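Subject: Structure handover

Hello,

Here is the structure I promised you. Please open it and keep it in view while you read.

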Amino acid sequence: MTPVLETRGLAAGYGGRSVISDINVTLNPSEVLCVIGHNGAGKSTMLKTMFGLISPDAGSVHIDGEDVTKLNPRDIAELGVAMVPEGRGVFPSLSVSDIFALGMHAVGVPKAERAERLEWVLGILPAIREFMERPASTLSGGQQQMVSIGRALLPRPRILLMDEPSIGLAPKLFQDLLAPVRKLQQEEGLSILLVEQNVREALKISDRALVVKSGAIAWTGEPEELADNKRLIELY
Amino acid sequence: MEAYIFNLLNLIAIYGILAVSLNFIIGYAGIYSLAHAVFFGLGAYTSAWVGLNVTPSTFVTIPAAMLVAAIVSLVLALPALRVRGEYFVAASLGLQVIAVTVFSEWKSFTGGIGGVLAIPPVNLFGAEIYQPREFAIVSVIALLIVIAITLALVRSSFGRNLRAIRDSESAAASFGKNVPLIKTVAVVISAALAAVAGALYASFISFINVESFMLDTSVLLMAMVIIGGTGTFLGPLVGAALLLILPSAISYLSFLPQTEIGALQQIIYGLGMTLLMIFRPGGIVGRRSGT
């Protein structure tokens, strides 16, 4: 089985300072892979490098086996990858409908399909309908995260990269937000790479987990094993 | 008195174009430039050169001015916009310093320190327009066109992109937006529109030299935008009008000692700006503090 997303010996950093090195990750079709680790372990850097937001210093990124290392985020998005960025990535001065329009325009969703896509997302996350015309700055944290997830789903991605979506949310709200995404994974084969610090909640929905420590992969395996193993718990 | 008022109106329209074009990048894209006077100057020098050496037709001088300013703005934008905000400010300051030196030394194009004299007036279909009253019609129409262009852009998907980038560059990039390209296009448009003001200024004054295009002009333009209200439609116009009228208005206050009027102007002007920024940081037209 060809992984939908794969990194081979990936290394990256900022301004000559190495943050991640020799990262080998595979994300299989319809899989939820959870990446956990301390603050500063390199989780977000790994995700950003996969999405083309940071140029790697070494190694490569592959989508469906094709090398996409040199592609920019727009090109990667057009291959069916979407990202829910850390900090929700909503624009305070824009209304929710503007944010959605921006999201569809960014990845070239044809005009004729935009209304249908919007309805599809509102069907998955119906609560958004109530605050479509409100500026994002007036929304609660949970509503903003819902918008961020909804925006990422608009192009109907095959691969969803989520960077700490639980930040600032109660566990129940976090699970409520992830439930529709989980449903898409189960029914439509969406593959999800979930970077999280909220290990307990993240492992509940993951098929596989890996631990990043000091910019390198320290462990990979089953979520149950990770949750029960005291030595592993110390790693994160 | 009538000529004075129309002269002032022309200057408000010309500086209004500059403030509107600067607000396009400051207010909607969050790009703070200290080089706007460079594009103002490039527009003025280019249109003067074309007017004196090629044709006085305004339909040629203004597009030529816009083209040159757009090309030079690319030189600034392409490398500088790949870095974050404060680095662009520094890069634009560098361009401003270099441009002043070039404007002062490139005698064959700019006339050096002495400047360029006898610049042809606005020429529309062979008719020369140099009287302040008639010129005011041209300058106000030009201002309205520039406002219409910027409003159309701001309300389009391009404007939505700019506001998204202003709010969060990293989030816009995670949407798949080509942030450097969008910012570069915004800077090029802003510079080309500033060149329109330069071309009008050269035609109106008929004499230009480097003193009109120095760093203090760039700072004055930024002050117009910030005091008026960044990211607002009326703010830059109010800022331009206020900062052009205020110094003259102060000189009419009869109770002020005429020998000290220059220093008093500066003190009142500076104090007014400081108080405004404390009590209305969003500018005169912008939102009140805390709302």
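Below is what was found, part by part.

**Confidence**

Please remember that this is a predicted model. The mean pLDDT of chain A is 88. In that chain, 97% of the residues reach 70 or more. Among the elements of chain A, β4(A) has the highest mean pLDDT, at 95. The lowest, 64, belongs to helix α9 (residues 230-235) of chain A. Where pLDDT is low, the predicted coordinates should not be read in detail.

**The sheet in chain A**

Start with the open sheet. Four strands of chain A form it, in the order β2-β1-β4-β5. The pairing is antiparallel. Which strands stand at the edges? They are β2 (17-27) and β5 (66-67) of chain A. Each has a single partner strand, so one side of each is left without a neighbour in the sheet.

Now look at β1 (residues 5-14) and β4 (residues 58-63) of chain A. These two strands run antiparallel, and five bridges join them. To find your place, pick A:Leu5: its opposite residue in β4(A) is A:Ile63.

Helix α1 (residues 43-50) of chain A touches β1, β2 and β4 of chain A. The direction of this helix makes about 115° with that of β1(A).

**A helix pair in chain B**

Next, go to chain B. Helix α1 (residues 2-29) of chain B packs with helix α11 (residues 235-251) of chain B. Their axes are 8 Å apart, and the angle is about 140°. Why are α1(B) and α11(B) called oblique to each other? Roughly antiparallel needs an angle over 145 degrees, and roughly perpendicular covers 65 to 115. The angle here is about 140°, and the two helices are therefore oblique. α1(B) passes α11(B) in a right-handed crossing.

Which residues make the contact? From α1(B), they include B:Leu8, B:Leu11, B:Ile12 and B:Tyr15. From α11(B), they include B:Pro236, B:Leu237 and B:Leu244. By class, this helix contact has eleven nonpolar, four polar and no charged residues.

**Where the chains meet**

Last, turn to the contact between the chains. Chain B gives 15 residues and chain A gives 20. On the chain B side, α7 (157-167) and α8 (169-174) each supply at least two residues. The largest share of that side, six residues, comes from α7(B). How do the residues on the chain B side divide by class? Four are nonpolar, seven are polar and four are charged.

Best wishes

How values were computed. Residues numbered from 1 in each chain as written. Chains lettered and ligands numbered in written order. Predicted model: local features only at pLDDT ≥ 70, side-chain atom pairs only at ≥ 80, totals over all residues. Pairing = 2+ DSSP bridges. Contact = placed C-beta atoms within 7 Å. Axes fitted to C-alpha atoms, helices over the stretch in contact; angles between N-to-C directions. pLDDT = per-residue confidence, 0-100. Parallel < 35°, antiparallel > 145°, perpendicular 65-115°, else oblique. Left-handed = near helix turned anticlockwise from the far one by under 90°. Nonpolar A, V, L, I, M, F, W, Y, C, P; charged D, E, K, R; others polar.
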